[in-house]
Amino acid sequence: MSTAASTLDSPGARTAGGAVWTDRHADTSRIKLSWVLRLRWAAALGQSVAIVSAHAITSIHLPLVALFTVVGIEIAGNLGLEAWQRRTDRVGDGAIAGALLFDAVVLTALLSLSGGYSNPFATLYLVNVALAAVLLDAAWAWATLGASLLLFAGLFLLEHFGLMQVLSTLDQEEIAALHVQGMWVAFVVASAFIVAIVQQVRLAMESVQGALAAERSLSARKDKVASLATLAAGAAHELSTPLSTIAVVVKELQRSAEKEEASAETREDLGLIRQQVARCRDILHHMSAQAGENAGEPFVVLLLSAWLDEVLQHLPTRARVRVAAEVDLSVYAVEGPRRGLARALRGLLKNALQASPSETDVRLAFAVAAGRVRVEVVDQGCGMAEDVLSRAGEPFFTTKTPGEGMGLGLFLTQTLAEQLGGALELRSVPGRGTTATLDLPLAHVRAGGGAP
C-alpha cells in the first residue's frame, strides 16, 4: 500500500532597512517529501495490520515470513530516505518520484505474495498514480503512471508462467465471496486516501491563496507608501518656490500696511495669509517625513523597556498614560527600525489621548504569549461607528478636526506592523472607546536580558 500527501508552507514577511524579503521554505519538494515519509510509516503499519488480520480471519494461508520481509524492506527504505533528507540541502521532484516508484514496487511484491492481480487491493495502484498527479509535474506523473502499469502487467505475467503461489484450497464460491469482500475493503481504503489527499491539497491551496492575498495587500501598502513619499517630495519641491514668494510678498505688504497705517482688518488678513503659508510648509514637511519615515533605517533588537522609554520620551501628555505590563519588559524584545517602532506606538497613544477627555487616562498594556508581544492602547473616547472603523487605516482618512492630522498615522503603523510579520487590530464600540492592538513577533535576546 502506498500513501503520501502534500502541503505548502505559508509565507511570511520580514523587513530590513526598508526592503522586504519573503520568509518561506524555498524548496517545496522537501515539504512534500516530509509528508510522504510520515504517511509511509502509517502505510507500513496498515500493511502489517492487514497481513495479520487476513491471516487470522480468513482461511487463506499467507507466506507471513515473505510478506513481513517485504514490509521490513519498506521500513528500511523509509529510514534511509529520512537520513538522506536530513543530510541533503535540496530535494527535487525526482526524489519524490523515486519514493513513489519504490512504493509501487513494494505493492507489487505484496500482491505477488497474496493473490497477484486477483487480489482486490491491486486497485491501490490508482492511489499511487493519484499521488504522482498531485505531487509531481506532468513528466514525472506520466512516468509514474507508466511504471505502475508495467508493474501491474508483471502480475499477469507471473500468473501466465505459473509462478504465482496457490494460497488456498477454497472452492470457487468461497473465493468469489472473499474477493467481493476484499473489493469493498480496497475501495474504502483507496477512496479514503484519495479524499484525504484532495482535502489536504484544497486546504494547502486555501492557505496559499490567503498568504498571496496578504502579500498583495502588503505590496499595495508599500506601493502607497512609496507613492506618498514621491508625492510629498514632488509637492515640497514644486510648492517651495511659490510659497516662499508668497511669504516674502506678504511680509512686504505687512510692512507697507504698517507704514501707511492700513486698517486693522487688512493687517489681520495679511497675518492670516502668512500664517496659512507657514502651515502649508509644515504640512508638506510633515507629510514628507511621515511618508518616508522608515526608509533606509536599520533594524535593531529593541528591549520592550527601551521601546517604552522611546515612546514616552517625546509624548507631551505622558502623565495621562497608565502602563500595565504582565511581564518584565527588560527581558523581552522586538526587532525593527527603532524610530519607526517608536513613532508607530506613539501615534497610537496620541490618537487615544486626543480621543479621550482631558481629565481621563489612557491604558497602555503589554502581554507576551507564544513568541509574540501584544501591545494594547485603550482610550476612553466616544468610540467609532462601524463605517468609520472599516475605513480606519486608509491613507488620508481622518475624523480629526482640520490641522490635527492628515490620516497617515494608522496607515503607516499598520504597514510597518505587517512588514515586521505582525498586525494592527482596531476594536471599537460607540460610546465605549476604542482599543488598538499592535501584535509583533518577539526577537531573540541573550540570557540576562541583554540584546544581541
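Predicted model: local features only at pLDDT ≥ 70, side-chain atom pairs only at ≥ 80, totals over all residues.
**Exercises on burial, aromatic pairs and helix packing**

**Exercise 1.** Find how many aromatic pairs the whole structure has, and classify the pair of Tyr-125 and Phe-152 by its geometry.

*Solution.* 
- Step 1. Searching the whole structure gives three aromatic pairs.
- Step 2. In one of them, Tyr-125 and Phe-152 are 5.2 Å apart from centre to centre, with 35° between the planes.
- Step 3. Planes under 30 degrees apart would be stacked and those over 60 edge-to-face, so this pair is tilted.
- Step 4. Tyr-125 belongs to helix α4 (residues 125-135) and Phe-152 to helix α5 (residues 138-160); the two residues are 27 residues apart, and their pair links distant parts of the chain.
- Step 5. Together with Phe-156, Tyr-125 and Phe-152 form one aromatic cluster.

**Exercise 2.** Classify the pair of Trp-307 and Phe-366 from the distance between ring centres and the angle of the planes, and state which elements it links.

*Solution.* 
- Step 1. The ring centres of Trp-307 and Phe-366 are 6.3 Å apart, and the planes stand at 80°.
- Step 2. An angle over 60 degrees counts as edge-to-face, so the pair falls in that class.
- Step 3. Trp-307 sits in helix α8 (residues 304-313) and Phe-366 in strand β6 (residues 362-369), 59 residues apart.
- Step 4. Both residues, Trp-307 and Phe-366, are buried.

**Exercise 3.** Describe how helix α1 (residues 28-57) packs with helix α2 (residues 64-87).

*Solution.* 
- Step 1. The angle between α1 and α2 is about 165°, and their axes are 10 Å apart.
- Step 2. Angles over 145 degrees count as roughly antiparallel, so α1 is roughly antiparallel to α2.
- Step 3. The crossing of α1 past α2 is left-handed.
- Step 4. By class, 15 nonpolar, six polar and four charged residues make up the contact of α1 with α2.

**Exercise 4.** State what stands out in the phi of Ala-370, and where Ala-370 lies.

*Solution.* 
- Step 1. Most residues other than glycine have a negative phi.
- Step 2. Ala-370 has a phi near 55°, which is positive, and is not glycine.
- Step 3. Ala-370 is in the loop between β6 and β7 (372-378).
- Step 4. The relative accessible area of Ala-370 is 81%, over the 50% cut-off, so Ala-370 is exposed.

Definitions and conventions:
Residues numbered from 1 in each chain as written. Heavy atoms only, no water. Axes fitted to C-alpha atoms, helices over the stretch in contact; angles between N-to-C directions. Helix = DSSP H or I, 4+ residues; strand = E, 2+ residues; numbered from the N terminus. Parallel < 35°, antiparallel > 145°, perpendicular 65-115°, else oblique. Left-handed = near helix turned anticlockwise from the far one by under 90°. Nonpolar A, V, L, I, M, F, W, Y, C, P; charged D, E, K, R; others polar. Phe/Tyr/Trp six-rings, centres within 6.5 Å; stacked < 30°, edge-to-face > 60°. Buried < 20%, exposed > 50% of the residue type's maximum accessible area, 1.4 Å probe, protein only.
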